[in-house]
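Please open the model in a viewer and keep the selection tool at hand.

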Amino acid sequence: MIKLAELIAGKFDLKETMEILEKIFVTYKVKPKVRWNTRTDRFANYDVDNNTMYVSKKLNKDLKEFLHTILHETKHAIDAKKMGKKKFIKAYEIEQNMIAQGHYKDKHDPYSDNKFEEAAEKFAKKNLKHWKKALSKSKQMRF
Ligand SMILES: [Zn+2]
């Protein structure tokens, strides 16, 4: 019986995916550890305390979604490195509390309206095209 390789983004095996992650991290000068999981509710998440990126093998079947999430989480790693772990966590929590307590007129959701989440989304959107293009090309060349 043929055991099918677990593919990420529909086409990369785990080793290739690891290389892609390394390439992204090197580009933005961060060094998170990578751990695979089988979550079905999140593509990936970044644990600031352990500087670890958890990536779902189960959920990441689409290149665009995969890259968007990785870039989003990478932005958190960049912020954590820039500000220092503790300061970043503190600033994030303060922002959450400010929103929850109604200090911003237009912000209601402590998560999605959080300025760090907004920055991560913006960063992911801005950089997505570049990586999508680079990876589509590299895969074509290999086969
Ligand atoms: Zn986030």
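Helices (H or I, at least four residues) and strands (E, at least two) are DSSP runs, numbered from the N terminus. This is a predicted model: local features need pLDDT of at least 70, side-chain atom pairs count only at pLDDT 80 or more, and totals for chains, interfaces and linings use all residues. Residues are numbered from 1 along each chain as its sequence is written.

Within helix 1, select Thr 17, Ile 20 and Ile 24, which are buried (20 or more other C-beta atoms within 10 Å of the residue's own, C-beta atoms being placed from the backbone). Seen down the axis of helix 1, the buried residues fall within an arc of 60° (taken from the directions from the helix axis to the C-beta atoms), so they line one face. On the other side, Lys 15, Glu 19, Glu 22 and Val 26 are exposed (12 or fewer such atoms). Lys 29, with a positive phi near 60°, follows helix 1.

Next, display the strands: three of them form an open sheet in the order 1-3-2, with mixed pairing (at least two DSSP bridges between two strands). Strand 1 (33-37) and strand 2 (44-47) stand at the edges with a single partner strand each, so one side of each lacks a neighbour in the sheet.

Finally, select strand 3, residues 52-56, which pairs with strand 1 in the parallel sense over five bridges. Here Ser 56 is the bridge partner of Asn 37.
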